[in-house]
Amino acid sequence: MPEIVAERPTESQHLSIDWSCPFAPERITPLAYVPLYSTLTPQERLRYNQLFALYLNEKTAYMEEELSHFIRQVSRLPRARHLKQNLLALLQDEERHAADFKTLNRLASPELYGETSRRFVRPGKLVSSLTHGMATFPTLFPLLLWIILLQEERSVYHSHLFVQERERLEPSFVAIHEHHSQDEAAHVSVDEALLEILWEGAPKPIRILNGHLLAGVFREFLYYPKRAAVEVVKIAFAAHPRLDEMVRQVLALKDNHDFLITIYNRTTNPKTLALMDRFPELSPVAEVMAGYRR
């Protein structure tokens, strides 16, 4: 198996993207789970897959940028003083990751990303303000740490799928996910130390409140295919005669148990779900997550 060197893409770098290859494993694309998918031509599936991979890069960059403010605030807490250098290093990693994913998207698809770094992930001002506001007060809203844990571990799982299928996937996309997973895996010990400080050290009423808030955030933004997933389909199939039906079927995945259990489960997030098992106040999240089973 050939070795792929996971180099950081730079704005001045010329990447030769192989548009004849899928950019992401098919099994992580929501459209692959709808009935209409079987009627699509290989070229239509390929186009959707490539746009989904761009969206995945975009979403990863967005999450890392948004949650960096939370980590920065945590680094200022007296009780986290002994972790300050680790947290600053983690911040540097996250900022670099976000820049790398955005750069790859611009180099791969300048027609989509020439003027912006977000084509699919477009949170409203209210959502951005709420996220920033919660991140400013990490001891009141430690639920953001659980979001980091869930997303980091799921990202590592996705990266393993990219590597497993590297023979058939576009090399630059495999390389960036491989590089990303190496850094994310190194963050686990810091994340667990933060869990002890922010969650275990929080008063029980704060944990209960955050458990319910996390379930709501999870259901609205991290779980069911909604706005961004639909936008990928609309761009990929703008002229398709059954576009409306495709959109309907993607939105209907919120009731598709077979699909939902593939998103978060004991394979995608073994460590995070094992940690969640310890805290009964997180039962609202367990009730929402189809793949949570103990």
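**Figure 1. Helices lining the second largest pocket of the predicted model.** Helix H5, helix H6 (171-185), helix H7 (188-200) and helix H12 (270-276) each give at least two residues to this lining. Helices are DSSP runs of H or I with at least four residues, strands are runs of E with at least two, and both are numbered from the N terminus. H5 has the largest share, six residues. A pocket is an open set of points, on a 1 Å grid over the protein atoms alone, with protein on both sides within 12 Å along at least five of seven lines; its lining residues have an atom within 4 Å of a point. The model is predicted, and local features need pLDDT of at least 70, side-chain atom pairs count only at pLDDT 80 or more, and totals for chains, interfaces and linings use all residues. Residues are numbered from 1 along each chain as its sequence is written, and side-chain values use heavy atoms, with hydrogens and water left out.

**Figure 2. Centre and composition of the second largest pocket.** The space in this pocket is about 260 Å³, where a volume is the space filled by probe spheres set on the grid points, which are joined across faces, edges and corners. Of its 17 lining residues, Glu152, Glu153, Val156, Val188 and Lys271 lie nearest the centre. The lining has seven nonpolar, four polar and six charged residues. Ala, Val, Leu, Ile, Met, Phe, Trp, Tyr, Cys and Pro count as nonpolar, Asp, Glu, Lys and Arg as charged, and the others, Gly among them, as polar.

**Figure 3. The largest pocket.** Its volume is about 1100 Å³. The lining comprises 46 residues, and Lys59, Glu220, Phe221, Leu222 and Tyr223 are those nearest the centre. Two or more lining residues come from each of helix H1 (42-74), helix H4 (125-136), helix H5 (143-164), helix H8 (204-223) and helix H9 (227-236). H1 gives the most, with eight residues. By class, 31 lining residues are nonpolar, seven are polar and eight are charged.

**Figure 4. The largest cavity.** The structure holds one cavity of 30 Å³ or more, a cavity being a set of grid points where a 1.4 Å probe fits but cannot get out. The volume of the largest cavity is about 290 Å³. It is lined by 19 residues, with Thr60, Met63, Gln151, Glu152 and Ser155 closest to its centre. H1, helix H2 (84-108), H5 and H6 each supply at least two lining residues, and H1 has the largest share, eight residues. The lining divides into six nonpolar, seven polar and six charged residues.
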